[in-house]
2 protein chains.
Amino acid sequence: MKPDESRVVYEGRVVTLLVERWGDHEREVVDHPGAVVVVASDGDGSLVLVRQIREAVRRELLELPAGTLKPGEEPLACARRELREETGYGGGRWRAGPRFYTAPGFCRELMHVFFADGVEPGEAALEDDESIEVVVVPAGDVDAVLREVEDAKTLAGLLLYLQERA
Amino acid sequence: MKPDESRVVYEGRVVTLLVERWGDHEREVVDHPGAVVVVASDGDGSLVLVRQIREAVRRELLELPAGTLKPGEEPLACARRELREETGYGGGRWRAGPRFYTAPGFCRELMHVFFADGVEPGEAALEDDESIEVVVVPAGDVDAVLREVEDAKTLAGLLLYLQERA
């Protein structure tokens, strides 16, 4: 499955915008390298979340730790790196969850979900343009926190986690 | 909260790409009018899904009915319209669920979730560039179908639906 024509109209640092011709219609397509999201729990079953300003939506959001794949990077390696950089947490037992497209109507971003149990605290190492507050959520508070979540990957990740444990 | 500078680098039919300066860093931002997704169940508790080709990701995907807000359109009106156009189903009792950003790291799309119970079949009215197969999923098969889902809004919508009924 491929377009009759695909042209780059803007090549950015993170996203590239394409205009594609498929038969008799045109599609605007946002290309993206893909990303990871991590549902990490510590030895007490508390979950590790992050609160950060999301300039794109002019809001501070509560999210699961996540990040964009670097060129050639394996999703699991990216997930371990992002969890460590954003929160300091590391170690634990990891396994891959499902993958999903965040906005398949117009965007190629594929999100890889990982679950990490028994992670342990350490020192974060934020990038220059990141400012992140780590929020540790006790197991019993996850339902309440869910009602505050306004991010697709976080909603899906937390609901998958709760469903598995039910 | 607003950028020091925001310039349009491409204005498309559905998405607009902005490059914004926030303090000492730049952000690529995909602007988008927002969208709706509908978890609709019929009198038997079966759910109404759609299978369609998503050119952006070069795949056929199984999704909940959904669509983009038209200028000035209320989310509920959009949700009723999209369900009717894509699947023919209408009527029923509607209520608003949560809202979430699909990819808040770089995209302004806000997704409004609606639940519709007791919808009834009718005639679909697809747009020229749409080709959609309606898939009615019996209540008992939702768990199995979840494992096939590779779309964030559908995963979140179905998991929210299952969680409410648990």
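Author: In this predicted model, copies are superposed by least squares on the C-alpha atoms of residues with pLDDT of at least 70 in both.

Reader: What rotation superposes chain A on chain B?
Author: The shift along the axis is 0.0 Å, and the RMSD is 0.0 Å. The two copies are thus related as by a two-fold rotation axis. The rotation that superposes chain A on chain B is 180°.

Reader: In chain A, which residue has the C-alpha nearest the axis?
Author: The axis is that of the two-fold relation between the copies. The nearest C-alpha in chain A is 2.4 Å from it. That atom belongs to Ala156(A).

Reader: How many residues of chain B are in contact with chain A?
Author: A contact here needs C-beta atoms within 7 Å. On that basis, chain A puts 46 residues into the interface. The residues of chain B in contact with them number 46.

Reader: Which element gives the most to the side of chain A that touches chain B?
Author: Strands E1 (5-11), E2 (16-22), E3 (25-31) and E8 (93-101) of chain A each give two or more residues to that side, and so does helix H3 (152-165). The top contribution is seven residues. It comes from H3(A).

Reader: By class, how many nonpolar residues does the side of chain A that touches chain B have?
Author: Polar residues number five on this side. Charged residues number 15. The nonpolar count is 26.

Reader: What percentage of the interface residues of chain A are also interface residues in chain B?
Author: The copies meet through the same surface.

Reader: In what order do the elements of chain A run from the N terminus on?
Author: Chain A has three helices and ten strands. From the N terminus on, their order is β-β-β-β-β-β-β-α-β-β-β-α-α.

Reader: How far apart are the C-alpha centres of domain 1 and domain 2 of chain A?
Author: The domain assignment gives residues 1-31 to domain 1. Domain 2 takes 33-100 + 110-165. The C-alpha atoms of the whole chain fill a box of roughly 55 × 35 × 30 Å along the principal axes. Between the C-alpha centres of the two domains lie 30 Å.

Reader: Is Leu49(A) buried or exposed?
Author: Leu49(A) sits in strand E5 (residues 47-54) of chain A. A residue needs 20 or more other C-beta atoms within 10 Å to be buried. Leu49(A) has 24 such neighbours, so Leu49(A) counts as buried.

Reader: What distance separates the C-alpha atoms of Leu49(A) and Glu133(A)?
Author: Leaving aside residues up to four places away in sequence, Leu49(A) touches Leu62(A), Glu63(A), Leu64(A), Val135(A) and Val137(A). Leu49(A) and Glu133(A) are 84 residues apart along the chain. Their C-alpha atoms are separated by 8.5 Å.

Reader: How many residues of strand E4 (residues 35-42) of chain B are buried?
Author: This strand of chain B is mostly covered. It has eight residues. The number buried is seven.

Reader: Which residue in E9(B) stands opposite Val37(B)?
Author: E4(B) pairs in the antiparallel sense with strand E7 (residues 66-68) of chain B over three bridges. There, Val36(B) stands opposite Gly67(B). E4(B) also pairs in the parallel sense with strand E9 (residues 110-119) of chain B over eight bridges. In E9(B), the residue opposite Val37(B) is Val113(B).

Technical notes
Residues numbered from 1 in each chain as written. Chains lettered and ligands numbered in written order. Predicted model: local features only at pLDDT ≥ 70, side-chain atom pairs only at ≥ 80, totals over all residues. Contact = placed C-beta atoms within 7 Å. Helix = DSSP H or I, 4+ residues; strand = E, 2+ residues; numbered from the N terminus. Nonpolar A, V, L, I, M, F, W, Y, C, P; charged D, E, K, R; others polar. Buried ≥ 20, exposed ≤ 12 C-beta atoms within 10 Å, placed from the backbone. Domains from an automatic or database assignment. Pairing = 2+ DSSP bridges.
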